[in-house]
Amino acid sequence: MKGKWTVLVSVLLVLSMLLGACAPKPTPTPTPTPKPAVQPTEAPPTATAVPPTPKPVEPIKIAILGPLTGDVATFGASNRDGAIMAFEEWNAKGGVLGRPIEWVLGDSQCDPKAAADVAKKVIDEDQVKYIVGAVCSSESIPISEYANQKKVVQISGTSTNVMVTVDKDGKVKPYTFRACFIDPFQGSVMAKFALENLKAKTAAVVLDVGNDYIKGLAEEFRKAFEAGGGKVVVWESFVKEDTDFSAILAKVKAANPDVFYIPTYYDKLNLIAAQAKQKGITAVLLGGDGWDSPDTDLAACDGGYYTNHYSPDDPRPIVQDFVKRYQEKFGKVPDALAALAYDAANILLASIEKAGVDDPTAVAKAMETIKFEAVSGTITFDQFHNPVKNAAILHVKDGKVLFEASVSP
Ligand code: PHE
């Protein structure tokens with residue numbers, strides 16, 4: 001048997017030398033792989049021997065959830081791109097725990113039902129143990145409920161509503177974290193800015209009662225504005241389907257407030273701001289992080305201010321390095337959603353590395369005590385899994401978004 005094999009290999013070698021001399025390169029003929037009858041050390045000295053295939057390293061699978069379709073699809077796109085950039089950077093350095101990172105995308109559509117469905121799908125079918133996302137608080141809340149039931153670690157970059165990380169009894173959800181500040185802080189930062197910097201005495205507020213984030217932020221703003229001596233003269237709600245705001249805006253016009261707080265996402269903001277302009281409303285428009293989109297109508301919001309998580313103009317080297325790499329990769333300036341998804345993904349991977357095991361319970365424990373230098377600031381978590389960090393106030397002026405101030409808690 002050994003003799004036959006040697007002859008065969010020699011013939012093959014000669015053949016391949018001949019063929020190689022008169023290129024083109026031959027397509028490799030399938031190598032006969034007879035069972036070695038002898039010890040590997042005595043195996044024929046052959047260039048065609050098949051090296052033993054190393055056991056494949058099982059990847060660590062992570063879901064990225066966010067609104068990839070629907071009214072606020074730019075949020076989902078930025079969230080996805082920020083997270084993927086972090087994963088690719090870790091993979092280039094050898095992955096996490098020496099294993100490659102693999103991701104699955106899920107579309108939670110900024111809708112509670114779609115979010116609950118996609119959480120089930122990635123946890124039960126794709127078997128992920130870790131989730132980055134979602135974006136809208138009304139997605140992240142139902143996702144957190146299933147994730148905690150299934151002991152899956154979730155970290156949202158940008159869901160700011162209090163109920164994302166705590167349950168109805170006010171207890172922290174052990175497996176859910178976020179990389180952003182929360183709405184009581186965001187609402188009070190803007191209320192203070194209106195009172196102290198803009199010298200506002202009266203405010204109008206509109207809200208979508210069906211959206212956890214919008215409703216919550218409106219309430220936080222009102223609380224802080226009134227506590228600081230201001231008066232909310234118009235408080236009007238609408239529903240998701242509304243596109244004509246003339247009835248509400250007639251009330252705003254009649255009340256003539258100093259500021260008009262619109263804590264919606266950019267889709268509704270564009271409609272409300274444009275219609276307010278048409279009506280001749282001159283109040284300074286104010287808002288929250290939901291204004292952050294490449295699709296925001298900056299002309300309609302001109303003169304307005306909003307709170308946000310970061311500014312690409314922040315001179316800190318970690319921000320400027322991130323902005324540069326993101327721009328090279330995606331050809332655009334990263335918005336806050338991209339920056340925070342990048343931070344969230346990095347915090348997750350650093351926590352897996354810190355835990356030293358692919359075990360969500362150990363990873364959640366490790367995350368609780370991590371200190372992480374992120375693009376959006378230094379992150380440590382409080383007892384409710386919320387980072388303590390500054391908010392940026394941005395000013396919309398002549399088609400540009402300018403950095404106005406950074407406010408600490
Ligand atoms: N904070 C918003 C929410 O909780 C989501 C969001 C964050 C949107 C940042 C835009 C920018 O629903």
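Okay, some housekeeping. Since the model is predicted, local features need pLDDT of at least 70 and side-chain atom pairs count only at pLDDT 80 or more, while totals for chains, interfaces and linings use all residues. Residues are numbered from 1 along each chain as its sequence is written, and side-chain values use heavy atoms, with hydrogens and water left out.

Let's start with the ligand. Which residues come nearest? Among the 13 residues around the ligand, those are S137, T158, T160, Y265 and D289; "around" asks for a heavy atom within 4 Å. By class, that shell has six nonpolar, six polar and one charged residues. Here Asp, Glu, Lys and Arg count as charged, Ala, Val, Leu, Ile, Met, Phe, Trp, Tyr, Cys and Pro as nonpolar, and the others, Gly among them, as polar.

Now the N and O atoms. T158 uses a backbone N or O atom, 2.9 Å from a ligand nitrogen. With Y265 it's the side chain: an N or O atom there is 2.6 Å from a ligand oxygen. The side chain of D289 has an N or O atom 2.8 Å from a ligand nitrogen. And how much of the ligand does the protein bury? Alone, the ligand exposes 320 Å², and 100% of that gets buried (Shrake-Rupley method, 1.4 Å probe).

On to the backbone. Most residues other than glycine have a negative phi, and most peptide bonds are trans. Well, Q109 has a positive phi, near 55°, and sits in the loop between strand 2 (101-107) and helix 3 (112-125). Helices (H or I, at least four residues) and strands (E, at least two) are DSSP runs, numbered from the N terminus.

Then there's the bond from G133 to A134, which is cis, omega near -5°. You'll find A134 in the loop between strand 3 (130-132) and helix 4 (137-149). That's my tour, thanks!

Definitions and conventions. A polar contact is a pair of N or O atoms within 3.5 Å; within protein, one must be able to donate a hydrogen and the other to accept it, and residues adjacent in sequence count only if both atoms are side-chain atoms.
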